[in-house]
Amino acid sequence: MDQTSRPGRALGLDLGDARIGVAISDDERRLAMPLDTVLAAPGTDLQAIAGLVGEHGVSMVVIGLPRSMSGEEGARATEARAYASALAALTDTPVEMQDERLTTAEAERRLREAGARGTDRRRVVDRSAAVVILQAWLDAHG
């Protein structure tokens with residue numbers, strides 16, 4: 001059985017400088033839903049994410065991979081890959097990367113369409129971006 005077909009929930013992460021948006025799938029991995037926002041703080045955010053993995057019975061983690069519009073990977077992508085490796089080692093859970101180009105813009109658009117005000121949107125945009133990342137991965141692997 002390959003890693004993507006392992007049963008159980010998938011967790012999606014949108015890594016940011018200040019916050020990490022977290023989304024989770026249903027047990028059948030069909031639908032991504034917002035879960036939480038974790039403060040990005042060296043030494044504590046990995047532990048917080050590992051706690052969510054254990055608490056929710058997660059069997060796969062999907063992390064947004066920042067790329068330029070041309071598809072090239074820069075320093076942010078290198079940081080995301082390092083975070084993925086550290087999380088995989090800490091949780092013994094497979095971690096995959098998902099292209100996250102335009103996910104924040106898509107999350108903002110969806111929140112605007114849902115009528116969320118500016119301050120409300122800023123508070124939940126990280127979780128919403130994580131939903132977009134995870135749903136793209138679910139759709140590609142469903």
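1. A salt bridge here is a side-chain nitrogen of Lys or Arg within 4 Å of a carboxyl oxygen of Asp or Glu. Searching the whole structure turns up six salt bridges. Side chains of opposite charge can pair when their charged atoms come close.

2. A note on the basis. This is a predicted model, in which local features need pLDDT of at least 70, side-chain atom pairs count only at pLDDT 80 or more, and totals for chains, interfaces and linings use all residues. Residues are numbered from 1 along each chain as its sequence is written, and side-chain values use heavy atoms, with hydrogens and water left out.

3. Look at R19 and D126. Their side chains form a salt bridge at 2.5 Å, N to O. The pair links distant parts of the chain, 107 residues apart: R19 sits in strand β2 (residues 19-25) and D126 in helix α4 (residues 118-141). Helices (H or I, at least four residues) and strands (E, at least two) are DSSP runs, numbered from the N terminus.

4. How accessible are the two partners? Buried means under 20% relative accessible area, exposed over 50%, and partly exposed in between (1.4 Å probe, protein chains only). D126 is buried, at 10%. R19 is partly exposed, at 34%.

5. Now E73. Its side chain meets R67 in a salt bridge at 3.2 Å, N to O. E73 also pairs with R81, at 2.8 Å, N to O. E73 is partly exposed at 38% relative accessible area. R67 is partly exposed at 32%, and R81 is partly exposed at 36%.

6. Which residues make up the network of salt bridges? R67, E73, R81 and D99 are linked in it.
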